[in-house]
Amino acid sequence: MKYLGLVLANVRRKKTRTLLTVGSFAVALFLFGLLAAIHFAFYQGVEVAGADRLVVINRVSIIQPLPVSYRERLLQLAGVQAVTSANWFGGVYQDERNFFPQYAVDHESYRGMFSEFVIPDEQWQAFAGDRQGCVVGAALAQRYGWKLGDRIPIRGTIFPGIWEFNVRAIYRGSRPGDDEGQFWFRRDYLEERGPEWIKGLVGWYIVRVGDGVDAAAVSRAIDERFANSPFETKTEPERAFAASFAKQMGNIEALILIIGGVVFFTLLLVTGNTQALSVRERTTELAVLKTLGFSDRFALLLVLSESVLVAGVGGLAGITAAKLVTPALTQALPGFTVFLPTWDLVVGLFLALLVGLAAGLLPAVSAMRLRVVDALRRV
Amino acid sequence: MVRVDGEDGAETLIRVRNLDKRYQRGSEEIHVLQGLNLDVGRGEFVAFMGPSGSGKTTLLNLLGGLDVPSAGSITVDGDELTRMSAAKLTRWRARHVGFIFQMYNLLPVLTAFGNVELPLLLTRLDRAQRRRQVETALALVGLADRMDHFPRQLSGGQEQRVAIARAIVADPSFLLCDEPTGDLDRASAGEILDLLTALAREYGKTILMVTHDPRAAERADCVLHLDKGVLVEAAGEAARA
């Protein structure tokens, strides 16, 4: 701690340069934070997927339906604890920009499957008792200013017409990053108003397996059960399903990695150059310190500390700014929950410190190797 | 008593024997110091004079453990520098040597207090003890009221006095001064020389000073002349002795 004053004094030496370097780290970490949040938005399903849940879709494609009768047959399979289903509705609210996922769900079993979504009992009962009722996520309700009792018109794109729903319940996620942007309504309302072809069909099933049950074996058993039928199935863990769903939008992960990598590499070069310049300017001072009895290792650690401090402050500022901005992004990206997980905050900060360390390494080594006699002779 | 004849004397603090320093510059070998012998007693104030390139600063660097000789030995208070590793030499320097440079070489980002405190950061003293010692040293050089000033807020003479405070704050065995008045006007130079003289006379500090200025050399107990790496003449008290 007694050397902290010296480190701080050196960092404050050229205030503009330090501010610019801190700013570089802040901007880079801000960008990293946004990329991480966008990555989360695309892979949110993967992040929060239940380990004990399987998704059963039509083997041909997810847009092909499955018979409603499969529910009872799924429940008969060993290891299956609960089953629910949903249909994709694909409507828009007011205009195309207001897109968010709407699901027609089996209101008797859906809530029990997704225990991470918290819904007050009386609200759920109100939803279950109203055929035109709907449940909306808290973020969605906030975005459009909906409250309980509001009547929401949704224009169907797959199922034409204006569909009106009553907001009967608002759910909240119990974990950070849970998707609070969904809209659920009762499947029997879809059957009642929808076209003839949708009757008796669901989009997909979600299956919960019991504790200690081999989920892979249950997946195989499900697909074997419906093999050679007109509606063959493809069953996979919810996490894998969510991942493959995200990949349909392109390899976002690779894109983010490339952009992030380029940003950090550029930051490394820029900061490394700045640190080298800073050390070159202080050759005499470093020589004086060594003359006074400060060791070579001290010179190394001094330069590294300064570099890491600048990186840490800039990184912290950038990642904090990203954390503050992400809720606004959720508003700007309908249909996505943009969230910056704590783990990514830690990783970002660690990366900043690592870049600071790497950027300071060469100048620090040159400070360590500096020969006092040579340095003083140059004065 | 200062001796340059290689004969052992009593009360010797610094003993130099057959000191050689050679540099290689391209294919040319430069023999900076040649078989130099020197004995300096405790509390003596010695000035080294000589033309540029005569080896004065090289001698000072060797005595301060900043450089290693090509041959010969340097012993300070029983410690033989030539046998020490670089790391040990660094630690030794912190304990035994106070440096005063021509260009003061204060750290511009630290206040006078911060600069003087630097050598004490290498000791086990706590913050309060360090503060007391720094205040004492700055008071000794007459700058107790300039403690919080940065070097840019001080005159050249004041900067050099801060440098002297930094050199003495850890109570080293001896001071090495490389042209301490070389960058000062006559009045400021006089003040600095008064201060150095007082340190030698009143506080018994051993001082070795390189200078081109005969007025500065006059203050020393003994003036040694270096020419082409050889101590060729002794003047002042030593010569008179």
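Two strands are counted as paired if DSSP finds at least two bridges between them, and helices (H or I, at least four residues) and strands (E, at least two) are DSSP runs numbered from the N terminus. The model is predicted, so to speak of local features requires pLDDT of at least 70 and side-chain atom pairs count only at pLDDT 80 or more, while totals for chains, interfaces and linings use all residues. Residues are numbered from 1 along each chain as its sequence is written, chains are lettered from A and ligands numbered from 1 in the order in which they are written, and side-chain values use heavy atoms, with hydrogens and water left out.

In chain A, strand 5 (residues 102-105) runs parallel to strand 10 (residues 183-186), and 4 bridges join them. Ala104(A) has Phe185(A) of strand 10 as its bridge partner.

We turn next to a helix pair. Helix 10 (residues 252-281) and helix 13 (residues 342-369) of chain A pack at an angle of about 35 degrees with axes 8 Å apart, where axes are lines fitted to C-alpha atoms, for helices over the stretch in contact, and angles run from 0 to 180 degrees between N-to-C directions. Residues in contact (heavy atoms within 4.5 Å) include Phe264(A), Leu267(A) and Leu268(A) from helix 10, and Leu351(A), Ala352(A) and Val355(A) from helix 13.

Chain B contributes an open sheet of 4 strands in the order 2-1-4-5, with antiparallel pairing. Strand 2 (28-41) and strand 5 (79-80) of chain B stand at the edges with a single partner strand each, so one side of each is left without a neighbour in the sheet. Strand 1 (residues 12-25) of chain B pairs with strand 2 of chain B over 10 antiparallel bridges, and Arg22(B) has His31(B) in strand 2 as its bridge partner. Helix 1 (residues 56-63) of chain B lies across strand 1, strand 2 and strand 4 (71-76), running at about 120 degrees to strand 1.

Finally, the two chains meet: 22 residues of chain A are in contact with 21 residues of chain B. Between them they bury about 1,900 Å², 70% of it on carbon and sulfur atoms; buried area is the accessible area (1.4 Å probe) that two parts lose on being put together, summed over both. Lys2(A), Thr291(A) and Leu292(A) lose the most area on the chain A side, together 29% of what that side buries. The interface holds 1 salt bridge, defined as a side-chain nitrogen of Lys or Arg within 4 Å of a carboxyl oxygen of Asp or Glu. Asp67(B) forms a salt bridge with Arg371(A), their closest N and O atoms being 3.4 Å apart.
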